[in-house]
Amino acid sequence: MEDVPDSPENEASCLCGNCPSKNDDGLRFYCVRGPSPAPVNRGFCACNWCPLWSGYALTKVFHCAIAEAGDEPAALDEYVID
Ligand code: SF4
Ligand code: SF4
C-alpha cells in the first residue's frame, strides 16, 4: 500500500460524492484528507470501486468514518455487501 498523493487529479477521481453513505459535510477524498468530522451512516462504501483504491493498493474502506470508529478504517472484508 502506498500513500495516495494529494493532487487535484486524484481528488477528481474520488467517488465519495456519489456514495450513498456520504454525509453532508461538504468534504470528500477522505483517504488523503482525513475522516469526516460529522457522523457517517455506514451502508455502502464506494472506495473499493475507486481507481485510486486499486492503483495505490489501498485495503480499507469507510475512510470517512475513521474518527467515528475511533481507530482504523474498516477492512473491506468486514463490509461485504450481499
Ligand atoms: S469513504 Fe467510502 S463510505 Fe465514505 S463517502 Fe467515501 S465512498 Fe462513501
Ligand atoms: S479511496 Fe475512497 S476516499 Fe479515497 S479517493 Fe477513492 S473514493 Fe475517495
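1. Among contacts in the protein chain between residues at least 6 apart in sequence, those joining residues at least 24 apart account for 47%; two residues are in contact if their C-beta atoms, placed from the backbone, lie within 7 Å. This is a predicted model, in which local features need pLDDT of at least 70, side-chain atom pairs count only at pLDDT 80 or more, and totals for chains, interfaces and linings use all residues. Residues are numbered from 1 along each chain as its sequence is written, while chains are lettered from A and ligands numbered from 1 in the order in which they are written.

2. The protein chain has four helices and two strands, in the order α-α-α-β-α-β along the sequence. Helices (H or I, at least four residues) and strands (E, at least two) are DSSP runs, numbered from the N terminus.

3. Of the 82 residues in the protein chain, 27% are buried (20 or more other C-beta atoms within 10 Å of the residue's own, with C-beta atoms placed from the backbone).

4. Leaving aside residues up to four places away in sequence, C64 touches C16, Y30, P35, S36 and V40.

5. Ligand 1 is surrounded by 13 residues, the closest being C16, C19, C45, A46 and C64 (C-beta atom, placed from the backbone, within 6 Å of the molecule).

6. Ligand 2 is likewise surrounded by 13 residues, with C14, L15, C31, C47 and C50 the closest. To this shell α2 (30-33) and α3 (51-55) each supply at least two residues.

Conventions: A residue is buried if 20 or more other C-beta atoms lie within 10 Å of its own, exposed if 12 or fewer, and partly exposed in between; C-beta atoms are placed from the backbone.
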